Amino acid sequence: MKAAENSYKLARYCAEKALDKKAEDVILIEIKELTDIADYFVILSVDSMTHLKSVANYLEEETKKNFEQKPVHKDGSGMAGWLVLDYIDVIVHIFLPEKRAFYDIEGWWADAPREEFKYEEISDRADKKEG
């Protein structure tokens, strides 16, 4: 599998798994044509510091189990209201809403292609697989 395909799959997987833990306003931004820092950002909001830690831990466990990848770097903390998981080609940004608004990553990358993920869409896909 090409690296670009794998990075997209990892980014999409992180976005969908974040929804499993009730993250909100989940978006995937494709930045690979605009910069060399990563291929994708996954940005999401959580409602508490405990929720932030829970989502981060879950993503780490799931990506290790299903992609055999751990973040090469983590920054921030629940106490700071934000956390970053850096998988080199994919960077996951987890924010409390006020920190997300403050850093405004979506605004900085407004010209980049993006996908929005909603819990209902993921839930509908799971229902169709079972049916």
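Reply: A search of the whole structure finds 7 salt bridges, a salt bridge being a side-chain nitrogen of Lys or Arg within 4 Å of a carboxyl oxygen of Asp or Glu. This is a predicted model, in which local features need pLDDT of at least 70 and side-chain atom pairs count only at pLDDT 80 or more, while totals for chains, interfaces and linings use all residues. Residues are numbered from 1 along each chain as its sequence is written, and side-chain values use heavy atoms, with hydrogens and water left out.

One of the salt bridges joins K74 and E60, with 3.2 Å between the closest N and O atoms. K74 lies in strand β3 (residues 73-77) and E60 in helix α2 (residues 49-67), so the pair ties together parts that are 14 residues apart in sequence. Helices (H or I, at least four residues) and strands (E, at least two) are DSSP runs, numbered from the N terminus. K74 is partly exposed, at 46% relative accessible area; buried means under 20%, exposed over 50%, and partly exposed in between (1.4 Å probe, protein chains only).

Helix α2 also holds both K65 and E62, 3 residues apart, about one turn of the helix. Their closest N and O atoms are 3.2 Å apart, forming a salt bridge. K65 is exposed, with a relative accessible area of 58%, whereas E62 is buried at 9%.

In the salt bridge between E106 and R100, the closest N and O atoms are 2.4 Å apart, and both residues are buried. Finally, a network of salt bridges links R12, E16 and E115.
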